[in-house]
Amino acid sequence: MKTAIASGVLILCLIMLITANSIYCIGITEDLKDMVSADKIFTVNDTEKLEEYWNKHKMIMHLGVNSSYTDNISEGIAEFKAAVKTNSEADIAASLNLLNFRINELEELNRLSFVNIF
């Protein structure tokens, strides 16, 4: 009986940790979306802030998803930073669209759902 109670408590703790991580990761992806919103002009300083923010929170995001998804975001930020440095409007728009797609994908994977928990 004690083992059943301990197992139940352990499962509840794990579900609470998964829920807390999901909520935190959704907050991070919302912040990333705000940083790369298409309605502003980007400077190299903006991309460096974006990269710094991502590097600070990448490990937490990695706890919820496969490393290939976090690596895709890192690559997207690097491409976006390179496009901003070249001042090519077409490259900036293309890399921004791809980065937004990857962020949306990451957000969907971290969304709290029955499938994502189990």
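## Contacts, faces and a patch

Let's start inside: Phe80 has a relative accessibility of 1%, so this residue counts as buried. Keep in mind that we're looking at a predicted model.

What does Phe80 pair with? A search of the whole structure turns up one aromatic pair. The ring centres of Phe42 and Phe80 sit 4.9 Å apart with their planes at 85°, so the pair is edge-to-face. Phe42 comes from the loop between helix 1 (2-35) and helix 2 (44-62), while Phe80 belongs to helix 3 (residues 67-86), so the pair ties together parts that are 38 residues apart in sequence. Phe42 counts as buried too, at 12% relative accessibility.

Now for the charged side chains.

| Salt bridge | N to O distance |
|---|---|
| Glu30 and Lys33 | 4.0 Å |
| Glu107 and Lys33 | 2.4 Å |
| Glu51 and Lys81 | 2.7 Å |

Glu30, Lys33 and Glu107 are linked in a network. Within it, Glu30 and Lys33 both lie in helix 1, three residues apart, or about one turn of the helix. Glu30 is partly exposed at 34% relative accessibility, and Lys33 is partly exposed at 24%. Glu107 forms its salt bridge with Lys33 from helix 4, with Lys33 in helix 1, so that pair ties together parts that are 74 residues apart in sequence. With a relative accessible area of 4%, Glu107 is buried.

As for the Glu51 and Lys81 salt bridge, this pair links distant parts of the chain, with Glu51 in helix 2 and Lys81 in helix 3, 30 residues apart. Glu51 is partly exposed at 26% relative accessible area, whereas Lys81 is buried at 16%.

Helix 4 (residues 89-110) deserves a look of its own. Its 22 residues should span 32 Å at 1.5 Å a residue, and the end C-alpha atoms are 31 Å apart, which agrees. Which way do its side chains face? Buried residues in helix 4 include Ile92, Leu96, Leu99, Ile103 and Leu106, along with Arg102 and Glu107. Viewed down the axis of helix 4, the buried residues fall within an arc of 140°, so they line one face of the helix. On the other side, Ala90, Asn97, Phe101 and Glu108 are exposed.

Last stop, the surface: Met1, Ile5 and Val9 form a nonpolar patch there, with about 360 Å² of accessible area together. Met1 lies in the segment before helix 1 and counts as exposed at 79% relative accessibility.

Note on methods: Residues numbered from 1 in each chain as written. Predicted model: local features only at pLDDT ≥ 70, side-chain atom pairs only at ≥ 80, totals over all residues. Heavy atoms only, no water. Phe/Tyr/Trp six-rings, centres within 6.5 Å; stacked < 30°, edge-to-face > 60°. Helix = DSSP H or I, 4+ residues; strand = E, 2+ residues; numbered from the N terminus. Buried < 20%, exposed > 50% of the residue type's maximum accessible area, 1.4 Å probe, protein only. Expected span 1.5 Å × (residues − 1). Arc of directions from axis to C-beta. Patch = residues over 30% accessible without salt bridge, like charges linked within 9 Å, V, L, I, M, F, W, Y side chains within 5 Å. Areas by Shrake-Rupley, 256 points an atom, 1.4 Å probe, with all protein chains shown as cover. Salt bridge = Lys/Arg side-chain N within 4 Å of Asp/Glu carboxyl O.
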